[in-house]
Amino acid sequence: MVINKNYFLINSLAGGGAEAVLVRLIPFLNTEKLILLERDIKYSVDDKLVYFLSNHTMKTNSIIKTFSIPFYSLKLSKIIEENSTIISFLERANMVNVFSKLFKKHRAVISVHMDQQTGHLGLRKFNKYLVKAIYPKADLIVAVSKGVMQSLIKLCISREKIKVIYNPYPIEEIKNLSKESLGEFETIFKHPVIITAGRLTKPKGQWYLLRIFRKLKEKHKDLRLVILGEGELKEYLVELSEKLGLKTFVWDRDNISEDFDVSFLGFHKNPFKFMARAKLFIFPSLWEGFPNVLVEAMACGVPVVSSDCRSGPREILAPDTDFSYQTEKPEFAEYGVLMPVFEVKFKSADEPLEEKELMWVEVINKMLEDESLRGIYSERAKQRADDFGLEKIVEEWIEVLR
């Protein structure tokens, strides 16, 4: 099936869910160029496709990057063909995509990966104003979940302009990669492990998991916690882990051994080999759009315990329920366990566990102790992950890009 040439546009390829989705789609959608606003790349892509719009990096001040949107847009207009299609991912790239229509006529397709109505996006009022002003001028908006779609509608964006397409996953490739040797990290998995993955940032809520894990250790003394990902909260999380009395490994500081309680392993191109060997995948996110790592862990056959945050987890784990509902108590759903969402509030090591944290402790304890229940959820997880297979999702993209 042949479609017109497409340009892909994104902030960077520094790691993250939207970045992974883009990299997976590129080979199937007749890509002319992969255009980056910044110069950070951690994924394997064809260098011949890549074009940078600036010398900015992740370390560049976010205010500078926001006010650079008109300059990115002008430069973008000079390298694309008239009447071409630009498919953008992430907020700033989406704004550049639409704004550049002022300089050259093209079809702007924007992919929105974050719920706009959580109230905790960290978006300044100025940015929210930009979303409301600019997004409606896109030719098509692809929302990664029903929750994201609903949040866009609440911003007065026409439902007719929005298409929901879930993120794609190369299920067989994930399964094959999950069998790769752990090498030096094998020593961690001599013990039972619970694992989480995601950037070390505020939305991911990993500090709650560290506090929960310390409580779990009282009953499961041999238990280990693995945290995959990098990000600006690294120092806070490592310090919290150590203040909780947990022996803590940090990927760029320590030599690995089996004695560590918590292992911060950083970014890995193949996180699946770690996921597949864990007892449980724990997902304490405070807000999402459509969490890639949740489906990836399920493809590895790992039972999941996830916050019922907006949006995505409920659509993945309990697809036959109302996607706008959020639970206030543990919900053993069809494909995984949904848990109450935590407050967006940093915690210290000496603060007592709150009621929700204790709920999480109780449920994780139950899952660790009930091998039969884990087995049931492992099989259901693999079954559900197949619904998000790459081939199926690519066909949906091809359809909307015609």
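This is a predicted model: local features need pLDDT of at least 70, side-chain atom pairs count only at pLDDT 80 or more; totals for chains, interfaces and linings use all residues.
Residues are numbered from 1 along each chain as its sequence is written. Local features need pLDDT of at least 70 and side-chain atom pairs count only at pLDDT 80 or more, while totals for chains, interfaces and linings use all residues; side-chain values use heavy atoms, with hydrogens and water left out.

An open sheet is formed by seven strands, with parallel pairing and the order β3-β2-β1-β4-β5-β6-β7. Helices (H or I, at least four residues) and strands (E, at least two) are DSSP runs, numbered from the N terminus, and two strands pair if DSSP finds at least two bridges between them. At the edges of the sheet stand β3 (50-52) and β7 (162-164), each of which pairs on one side only. From one strand to the next, the twist averages 25°. Within this sheet, β1 (residues 6-10) is joined to β4 (residues 85-89) by five bridges in the parallel sense, and I10 stands opposite F89 in β4. Helix α1 (residues 17-25) lies across β1, β2 (31-36) and β4, and runs at about 165° to β1. Such angles run from 0 to 180 degrees between N-to-C directions, the axes being lines fitted to C-alpha atoms, for helices over the stretch in contact; contact means heavy atoms within 4.5 Å.

In the loop between α1 and β2, N30 has a phi of about 50° although it is not a glycine. N30 counts as partly exposed, at 37% relative accessibility, where buried means under 20% relative accessible area, exposed over 50% and partly exposed in between (1.4 Å probe, protein chains only). The loop between β4 and α4 (91-99) holds L90, a residue other than glycine whose phi is near 85°. L90 is also partly exposed, with a relative accessible area of 22%.

F281 of β12 stands opposite I195, and in β13 its bridge partner is V304. Together with helix α11 (residues 292-299), β12 and β13 make a right-handed β-α-β unit; a crossover is right-handed if, with the strands pointing away from the viewer, the path from the first strand over the helix to the second runs clockwise. In the loop between β13 and α12 (313-317) lies S311, and the peptide bond from R310 to S311 is cis, with omega near -10°.

The largest nonpolar core has 102 residues, and those with the most contacts inside it are M275, F281 and W397. A nonpolar core is a set of buried Ala, Val, Leu, Ile, Met, Phe, Trp, Tyr and Cys residues joined through side-chain atoms within 4.5 Å. Helix α15 supplies the largest share of this core, seven residues. A second, separate core of 39 residues includes V262, L280, F342 and L373. Beyond its neighbours within four places in sequence, F281 is in contact with residues including I195, M275, V293, L294 and V304.

Helix α15 (residues 390-401) contains I393, which is buried, with a relative accessible area of 1%. Not counting residues up to four places away in sequence, I393 touches I165, Y166, N167, P168 and F388. I393 and Y166 are 227 residues apart in sequence, yet their C-alpha atoms are 7.0 Å apart in space.

The structure holds 28 salt bridges, each defined as a side-chain nitrogen of Lys or Arg within 4 Å of a carboxyl oxygen of Asp or Glu. One of them joins D387 and R384 at 2.8 Å, N to O; R384 counts as buried at 9% relative accessibility, whereas D387 is partly exposed at 35%. Another links R402 with E399, the closest N and O atoms being 2.8 Å apart. R402 is exposed, with a relative accessible area of 57%, and E399 is partly exposed at 47%. The side chains of E218 and K215 meet at 3.2 Å, N to O, with E218 exposed at 53% and K215 partly exposed at 33%. A network of salt bridges links E38, K65 and R92.
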